[in-house]
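Colleague: Before we discuss the terms used for this structure, may I see it?

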Amino acid sequence: MNNLPKQTTSPYQAPYQATRLVTQFVAGLVAVTAIGACNKQPSDSASAPPAGGTTPVSMRPPIIDRASLGMFAPLPTAVPQPPAAVALGKQLFYETGLSLARDVSCNSCHMLNAYGVDGKPVSTGHKGQVGTRNSPTVYNAYLHATQFWDGREPTVEAQAKGPVMNPVEMAMPSVAVIEKRLRASAAYKGLFAAAFPDAKQPVTFDNMAIAIGAFERTLVTPSRWDAFLAGDDAALTDDEKVGAREFIAAGCVACHSGATLGGQMFQKLGSVRPWPAIKDRGRASVTNNPADEGMFKVPALRNVAKTAPYLHDGSISSLREAVRLMALHQLGKELDATQLDAIVTFLGALTAELPAEMTTPVAPLL
């Protein structure tokens, strides 16, 4: 893995980087103020019912103060990608011929019709081997600050190279073997030529990754939560609004904020109360810095109700249990049953309806 050629930055990447940096800055700037606003009690005059009757709905204080939502942001609209690159990238995403035994594709572990995951604690790869980390969703992943649980790659283009040559996953022995296999296909030669018309040799390992990245950058999944952030109060139920209020009040927003509600920082697992028996070094496996032991990328919460099991090792099967343990070990708080149920209800509002163009598979060409 360490001998892979350096990733060429995608020509379609820059607009996203700027958007992400601005979102992170704004989210950090307003977080403290917003949390305080969420806990602010309405004044007596605002909450007092008129004499002789029940307070009309229009006069009741809101379930959640919109001033507390400043640390969040709607998902950005995806910048259109070159159609030929997207078409090639989708084809490659489903291509089992990119694995040595022609039986594993990107979609094997990141199933697009299952919200980008395979539902297993760890995935199965070449010759039935299993990995050590849970496969995270690819939906909205291009918006994350880094890729992989340990953040070892900066972009989805760089990430796309890793599994193809990982001996446990797709097990291709070299870049030369990958390129030879792709160049032997007349169909792929045509698709690469259309996607990279100015390239003297379009069919390259780098271009493979760029095309997969172009496709993944279209996998944006807005939900009712985005409509609510945009001002539509009816987009969430009252129970979901209560859950959002509890999510903020509990302090979850310290890590889970911005457009993706996570994916922008690293945190030590068990930062307040030690996590029992962590075997994975986390970020330290990349940096070799003792301070990074047990540090992992904070997972994003978009579609989280559909992406079980949870944690870097897939050891938690229940979303409610994941919320309970995160509150306990990361915040030092023991949430009661009502709080847990409310937060889980809110997290369900982050689930998107997946359009057919994202989930309709294509047949391999190799």
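Predicted model: local features only at pLDDT ≥ 70, side-chain atom pairs only at ≥ 80, totals over all residues.

Modeller: Residues are numbered from 1 along each chain as its sequence is written, and side-chain values use heavy atoms, without hydrogens and water.

Colleague: What makes Arg 133 and Asp 150 a salt bridge?

Modeller: The term requires a side-chain nitrogen of Lys or Arg within 4 Å of a carboxyl oxygen of Asp or Glu. The closest N and O atoms of Arg 133 and Asp 150 are 2.7 Å apart, and the pair therefore forms a salt bridge.

Colleague: Why is Glu 157 called buried?

Modeller: Buried means under 20% relative accessible area, exposed over 50%, and partly exposed in between (1.4 Å probe, protein chains only). Glu 157 has 0% relative accessibility, so the residue counts as buried.

Colleague: What is the state of Arg 217, the salt-bridge partner of Glu 157?

Modeller: Arg 217 has a relative accessible area of 1%, and therefore Arg 217 is buried too.

Colleague: Why is Glu 293 described as partly exposed?

Modeller: Its relative accessibility is 30%, so Glu 293 counts as partly exposed. Arg 281 is likewise partly exposed because its relative accessible area is 34%. Glu 293 forms a salt bridge with Arg 281, with the closest N and O atoms 2.8 Å apart.

Colleague: How many salt bridges does this rule give?

Modeller: The count comes to 13 salt bridges.
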